[in-house]
Amino acid sequence: MSTDRDFQSGRRDESAAIDSRAPGPSVLAERTLLGVFAHVIAFVANLVPFLFVVPILIYRFSDHEFTRTNTRNAINWYAFLFATVVTFVAVFFPVAWLTDAVALPGVIELLLVLPVFLFAFFVTLLLPLTILFCLVATAKAIFGTAWTYPIAPDVVGYVASVRSQ
């Protein structure tokens with residue numbers, strides 16, 4: 001066993017030495033840490049204003065297919081989530097203003113408010129699903145699988161196909 005005195009004098013125990021020529025974990029050749037944490041990075045980036053470009057930059061500049069696939073899946077989910085919330089806000093405020101400003105019969109008001117209420121329920125349901133999906137996607141990435149988020153359209157693929165035309 002090596003001691004501090006052995007280390008200072010230049011002697012060391014060869015059994016404790018690490019062979020620098022030994023291959024590293026083959027796991028990192030198949031998947032990268034950025035690929036594993038792409039979902040967490042995208043989750044955090046969407047909580048902090050203006051950091052949403054981080055996953056896009058990772059996708060754009062990464063040359064590892066595992067990283068690109070996982071980042072693409074995360075971008076697709078958060079683009080879907082963003083579009084859903086923006087659509088909800090664009091529908092909610094005009095309907096709220098209309099029902100306050102104009103005296104509508106009860107049935108017509110119900111026909112206006114009920115879909116907005118159901119949409120609000122759907123948006124509210126998406127928020128805890130986002131946390132669950134982030135955890136599932138990260139766990140799948142740890143084990144080497146790129147998990148596609150359910151109900152999220154392939155926005156990145158669509159943008160790429162439009163740009164290539």
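**Contacts and pockets**

Colleague: Which residues does N76 touch, leaving aside those up to four places away in sequence?

Modeller: In this predicted model, N76 touches A152, P153, D154, V155 and V156. N76 itself belongs to helix α5, which covers residues 65-101.

Colleague: What does the side chain of N76 reach, and at what distance?

Modeller: The side chain of N76 reaches the backbone nitrogen of V155 at 2.9 Å. The C-alpha atoms of N76 and V155 are separated by 5.4 Å, although the two residues are 79 residues apart along the chain.

Colleague: Is N76 buried or exposed?

Modeller: N76 has a relative accessible area of 5%, and because this is under 20%, N76 counts as buried.

Colleague: Changing topic, which residues line the second largest pocket?

Modeller: The lining includes V155 and V156, both of which touch N76. Also among the lining residues are I56, Y59, R60 and R68. Helix α7 (155-164) gives the most, with five residues. By class, seven of the lining residues are nonpolar, none is polar and three are charged. The space in this pocket is about 310 Å³.

Colleague: And how much space lies in the largest pocket?

Modeller: About 500 Å³. Its lining comprises 22 residues, with N46, F52, Y78, A79 and F82 nearest the centre. Helix α5 supplies the largest share of that lining, eight residues.

Definitions and conventions:
Residues numbered from 1 in each chain as written. Predicted model: local features only at pLDDT ≥ 70, side-chain atom pairs only at ≥ 80, totals over all residues. Heavy atoms only, no water. Helix = DSSP H or I, 4+ residues; strand = E, 2+ residues; numbered from the N terminus. Buried < 20%, exposed > 50% of the residue type's maximum accessible area, 1.4 Å probe, protein only. Contact = heavy atoms within 4.5 Å. Polar contact = N/O pair within 3.5 Å; in protein donor to acceptor, adjacent residues only side chain to side chain. 1 Å grid on protein atoms, 1.4 Å probe; cavity = no way out; pocket = protein on both sides within 12 Å on 5 of 7 lines; lining within 4 Å. Points joined across faces, edges and corners; volume = space filled by probe spheres on them. Nonpolar A, V, L, I, M, F, W, Y, C, P; charged D, E, K, R; others polar.
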